[in-house]
Every structure is written in structure tokens, then in C-alpha cells.
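The stops below proceed from the contacts between chains to single pairs of side chains.

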Amino acid sequence: MDWNKEIPGILTEVREKKPLVHHLTNWVTIYDCANVTRAIGALPVMAHAAEEVQEMASIAQALVLNIGTLTPKFIESMVLAGKKANELGVPVVLDAVGAGATKLRTDKAKELMEKAKFAVIKGNSSEIAVLAGIDAKTRGVEASKVEGDLKMVAKTLAKNSGATIVITGKEDIVSNGECTAIVKNGHELMGCFVGTGCMLASVLGAFCGAERNSFKAAAAAAVCYGIAGELAAKKADKPAAYKNEFFDEIFSLDADTVKKMAKISDVD
Amino acid sequence: MDWNKEIPGILTEVREKKPLVHHLTNWVTIYDCANVTRAIGALPVMAHAAEEVQEMASIAQALVLNIGTLTPKFIESMVLAGKKANELGVPVVLDAVGAGATKLRTDKAKELMEKAKFAVIKGNSSEIAVLAGIDAKTRGVEASKVEGDLKMVAKTLAKNSGATIVITGKEDIVSNGECTAIVKNGHELMGCFVGTGCMLASVLGAFCGAERNSFKAAAAAAVCYGIAGELAAKKADKPAAYKNEFFDEIFSLDADTVKKMAKISDVD
Amino acid sequence: MDWNKEIPGILTEVREKKPLVHHLTNWVTIYDCANVTRAIGALPVMAHAAEEVQEMASIAQALVLNIGTLTPKFIESMVLAGKKANELGVPVVLDAVGAGATKLRTDKAKELMEKAKFAVIKGNSSEIAVLAGIDAKTRGVEASKVEGDLKMVAKTLAKNSGATIVITGKEDIVSNGECTAIVKNGHELMGCFVGTGCMLASVLGAFCGAERNSFKAAAAAAVCYGIAGELAAKKADKPAAYKNEFFDEIFSLDADTVKKMAKISDVD
């Protein structure tokens, strides 16, 4: 893939199309999920009532489902929204927060995957491993060590689900089953505040709302997000200051910088 | 209206009376709604359980109802709180977030207007147009273009509802049906982060808690809020940095600055 | 107590053990409760569904129950989580936000105290007074003046409940019924933004997750938190800037600084 051309192009598309990204997400990071959606150039809307999610999903260009503070009732709204989005061809992103930490999270993430079709499924190594049927434990919302080859896990889950899989970590793995890419952008400081993962899901939504090839969209989102993280690390090294810089770098990110700083490689 | 005298006076009243502002608001911006209430000099309390909203509204000096992440059950709590506030003469502010985006939002906003009496109803152009019975579409929570004269829309809805209407936008329109004012304070950067509208509703609540003339209170709130936005724009031009400056300008705002910077004019 | 040795030691333990702190907390400050947990060196997880709270509490090293935006249903989840934590010896912290403001809050805080055993119960003067059976009124979530000797209130409630009691205020009072300490660290600017109390509850959770003596843990948490507040006040004097500095000081706090700056004394 000619990523040096693709990624700046997709970022530009996001800014021009300003996709409306409908979220059903958790109550912890919901505000900054909305803020990051706006910072990258898209428009957020958060709506979870069963009575309106189908209508809201219908006017959106992407839908993000994040199970961070799930309840069974909330999942029902997610299913309604997801099915409607599928029906209308609106791309859907799943952030499987905490899958592998409790039975509820694992079961409900799997239920969502059965009932809706996802453009992108995102999680850390143990969350994705659990969805791929591997025995792994998530410590709350923190990844735990997963045995085996994560690239293969991503590929297999991609093939089985039809979604592009994004495994976040020191290196991000992006695979649609056919193509797999490794993203080396990012900075460890991105882990010093809460919600980096959730906000990536929002950015994935924004990119999927502008670019229909979910593999390209997901890889581009991971690269851009990681670059903002690297740029912020040049300006701050503590959580609150770093988070502020990170948001402002996402907002300021331009195609040229992305072209220069992208560290992504296609792998087998 | 002698706004140069009125507005600084009302701001001073807010700081002296420290009204308790009870919110039933959305889960996206709730934290910064509380923070902005405190920054302007009032005291926030957020409580939504049907079992306590009447009691909480009873000890408050203002009530803010914001439908940003509504559910039918949440609206029931709003009705309870709103009726109790009406009974006790506690002013109530409605922020009709997303009216015109889904049937649920439009219907429930109208239901609230039928069941409770509002001191102030606030929204962007398409949200207010929809409440005034005009055919308009809100894109998620973003205003869309409304045909016709917004001043007339505000006036008509004010007359029909008995509330002071605030239409936010490049210029804010404030009308109680008899008097109408245009507020030219504000800065486009106020739209670079999420929740500017919600937080204005909180500030409207604080001002209504200190000044019983809701037209004066609403106009003063819009002017002060807009001035803080202008002052912040002198210090930062990116979302996170700007938001921080904006809050700190709200906190620091003094009567003299407000007097000098107010841009408000009475219109027919 | 040799606090100059104890407190730096406990802070170091928190950073080394990185306890997982499970929260059932309010929707207002939930994000910064998670962030402060991480900033102090622990790991947050927020989960409230009845279907998963027992399992989540089982993998945690501490549980924080905060009733800031309670509903009866939410309290049921808290009871489930609290009982499971008790069963497994996981320390539980109660933040009795708004007890004394409404009957629901007072009743539910008392119900929680009957149904679960707490390592630490935290509140401002009127919240704790109400739980101790004293007639006091809380203004929303703001303390009101309490008649009588707060130290004695803390001691009595500690004896009756078996919990370490923390009364926050200009000086914090920490008592387990046998031992009582006064913490003079802290800064008035900590009140300029919303959630300082909630976030202290999260830090109390983190410290209880690392140190099983809840009196030592609570005193150490109050001291460290207050010191961060003092350090932040040297760098900023407005709410948003101050809050950012406060978080970054919590993150940066080291054992030596804590040793030098601790202002705590044992009292009768």
C-alpha cells in the first residue's frame, strides 16, 4: 500500500467531509470521545436511548459502539443502532473495552459481533484475543500478556468476523484478514491518562466515515493518532499537560506532517 | 435597557448570592457544566433520580434541564423537578439539545414545554426553530440553516411559551416576546470544543438564580459568556488550550471588563 | 505514629503494587476519578452493571462506592459489589456525596453502611455528621456548618461503623475510633474546581489497595493529596490551570517531597 499517499489523503477527507459520528459509548470518557471527534475534524453526537438510536444512526456517517460501562439494556440499544447502520451501509466500529475481564463483557461483545457487522473491531491484546476465542484475562481494562502471535490472532478474527481488526499496543496491528499492517507511531505517554483507547475508537469512526475501505481507514487513523501522541510528547511529559497537548496536536495535524512521520509497514 | 449598568450588576449578584444550580443534564458535558457553574461563581449540584429531584430542586435557586442524552425515564425526572421548581418559583432553564435531530428529542422537548414553565429556553437556530413549529433539521447536535427571520422565531416562541428564548449562533438572539436583544460577544473558537452550548445553559441557570427578570438574566449571561470567549481567544487558538483559558476567563471575569466589552443592542 | 516514615512508604507501595481500583461512582466526575487513580500510580476500572460488579470487584484490590448521582438501582449494584468485596477482603471506600441534602442520599448512604463493611467512609462535615445521626443539612454537595466537635463526630462514627472516617475540610480529620489524626495539608484552590472530594475517594481507594491498615492508608492519602494541592498552588491560581497542575503534581509526587511537606498530627 502506498501509505505515504493514502494516509494524508484520508486525513484530508475527514476534514472536508466532517462525518457525523454517532456514539453509544461509556460514561467515563464520553466527553473526550466527543472532543477528539471534533478535534480530528468530524462531528460527534452521543445518543443511547433505544427510542432514538436508529434514527440518529440513520443521519450519521459512522457509528461507534464502546462497551466500557455496558449494561444489558445499553447493549440492546447498541444492537438496534448497529443493525440500522448495517442496513444503511453506515460503517460501525466496536471498542471491546474490558472483554476478558468479566463474563458480561466477553458475552456481550460476542453478542454484538453476532448481531451486527462491524467495519472495525478494536481492542488491546487480551480483549481481542478473548474475542478470537483465545483464553486470556483482561485486568479491568488493562491488557494482559497474550501467548502466541498477535498478528495471527488479528488475521484470524478478521477473517471470521469480516471486520478490520485493530490491536493496540506498543505497536498497533491492523488486519482485514487479507492485508496486515504494523503501525509503529505512538508514544508511551499516551497511556498516562485514561481513555486513549476509547478516543482512538472515535477517531476510527471519523476515518471510517470518510473512507469506505475500512482497512485503509483504520490504519490511517492509527497512524495519525500515534503521530499526534509523538508530537505531544515533545511538549509535555505529565498527564494533564500531555493530554492537552495531545488534543491540540490532533487538531493541528496536517497532511505533510503525517506524510513525513508515518511509520507503517505491510506485513504477511 | 441600560445594559452597561445591568450586566455588571447581575454578574456581581451571581458572585454574591452563589445560587445553587440543580442540573438534570447530559452525561457528555456534565462535568464541565458543573465546573462552569462554579467558575462563574455559583454552586452546581447534579441529581437525576426521580426519588430525589423534587427535594433537590426545592433547595436550589435555579434548575437546568438539558436533554442531550435523554431517555424517556430521564424526562420523567425532569418533569417532576420542573413542576416542583415551578411550584416554588425556582426559575427553570431548558437546553433543547438535538431537538430536530430525532423524533424523540423534538417530542420530549415539546412535552417538557407543556408540562413545565420555563424562565429560559435555549438552543441553536434549528433546535429553536423546531420548537417554534418550523420545519427544520438538526444534524446531531449541530445547527442547520433555518429559513426566515430568527428574531421573529425567537419572539413568537417567547410569546407562545412565556419563556425568554435564547438562540445561539454567530450572534445570540435573546427575546421575551416584548423585548429582543442581539448579543455580538463571542468567538468562533468557542465551537472548537464540545459543550459550549450546554455550559451556556448552566451559566443561564446561575444568572437566573441571581436575577429574577429572565430577559435581563439571559442577556447578561450571553454577554458575559461571550466576553470570556473573546478574552480566551487572545491567549490560545487550539481546543484544549482554548478551553482551559475559557474557563479561567469565566472565573476571572470582572464587572469592569464586562462593562467595557459588552456588545449588545436592543432591537425591534 | 511515625508519619514521616509511614506516608512516603505507603505512597511507594501504591506505585509498586499498582492496585486495581474498581469504582461505582457518579457520572459527573467519573473521568477524573479514573484519571487521578492512574496519576497516583494505581489502575482504575469503572463498572456498575449488577451483572458484572461482583466479578469486577473480585479482581480488584480496592472498591470505591460514590453516591454522587445515585439511583436506587445503582445502589443495588453497590450493595452487590460491596458484599462481594467484604467476602474477599477487598477494602471498600464510601464517599457519601450529598448525604444530608436529600432523604434519598441520607437513607441510601445508611443502607450501604448497614449492608457492607467499609474500610473508609469519607465526606465533608455535614455529610459525615448526618451519617453519625446528627441533624445537619448539606447544601447540594456543599458542606454546611455543623455544631459541635467534629473530631468527636469522626471518632464516634468510626467506633459505630468499624470504618476509618475521613472528614474533609480546611483541615482533614481522620479517625478509626482509637487513633485520630489531623491533616493540615491542602490548599483552598482545591475547591475552585468540581470533584476534589470524589477524587480524594479514588486516592483513598488506591492507598487502601496498597496498605491494609485503613487508618494509615487514609491519613497517608489525605496528606499526599493535600501536598499535591499545595504544590499546584505555586504554579496556578485559576480553576482550569490549577486542575491541570494538580493532576500533574499528583503524578509527580515523590516520597522525599511527601516526607518534607507532611503536616499531620495525632490527637486525642
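Two residues are in contact when they have heavy atoms within 4.5 Å of each other. Select chain C and chain B together: 31 residues of chain C are in contact with 28 residues of chain B.

Before continuing, please note that this is a predicted model, in which local features need pLDDT of at least 70, side-chain atom pairs count only at pLDDT 80 or more, and totals for chains, interfaces and linings use all residues. Residues are numbered from 1 along each chain as its sequence is written, chains are lettered from A and ligands numbered from 1 in the order in which they are written, and side-chain values use heavy atoms, with hydrogens and water left out.

**The interface of chain C and chain B**

Buried area is the accessible area (1.4 Å probe) that two parts lose on being put together, summed over both. Chain C and chain B bury about 2400 Å² between them, and 59% of this area lies on carbon and sulfur atoms. Now highlight Val28(C), Arg139(C) and Val194(C), the residues of chain C that lose the most area to chain B; together they give 24% of what that side buries.

A salt bridge is a side-chain nitrogen of Lys or Arg within 4 Å of a carboxyl oxygen of Asp or Glu. Two salt bridges are found across the interface of chain C and chain B. Select Arg105(C) and Glu52(B), which form a salt bridge with their closest N and O atoms 2.7 Å apart.

**From chain B to chain A**

How are chain B and chain A related? A rotation of 120 degrees, with 0.0 Å of shift along its axis, superposes chain B on chain A with an RMSD of 0.0 Å. The two copies are thus related as by a three-fold rotation axis. To find the axis from chain B, select Trp27(B), whose C-alpha is the nearest to it in that chain, at 3.8 Å. Copies are superposed here by least squares on the C-alpha atoms of residues with pLDDT of at least 70 in both.

Only 6% of the interface residues of chain B are also interface residues in chain A, so the copies meet through different surfaces. Between these chains, select Arg38(A) and Glu142(B), whose side chains meet in a salt bridge (2.5 Å, N to O).

**Strands inside chain C**

Helices (H or I, at least four residues) and strands (E, at least two) are DSSP runs, numbered from the N terminus. Two strands pair if DSSP finds at least two bridges between them. Colour strand E3 (residues 62-66) and strand E4 of chain C, which pair in the parallel sense over four bridges. The bridge partner of Leu63(C) in E4(C) is Val92(C).

Next, show the side chains of strand E4 (residues 92-95) of chain C. Val92(C) and Leu94(C) point one way, Val93(C) and Asp95(C) point the other way, and all are buried (buried means under 20% relative accessible area, exposed over 50%, partly exposed in between, with a 1.4 Å probe and protein chains only).

**Final stop: a pair between chains**

Select Arg38(C) and Glu142(A), which form a salt bridge with the closest N and O atoms 2.5 Å apart. The pair crosses between chains, from helix H2 (residues 30-40) of chain C to the loop between helix H6 (125-131) and helix H7 (150-161) of chain A. Arg38(C) is buried, at 17% relative accessible area, and Glu142(A) is buried as well, at 18%.
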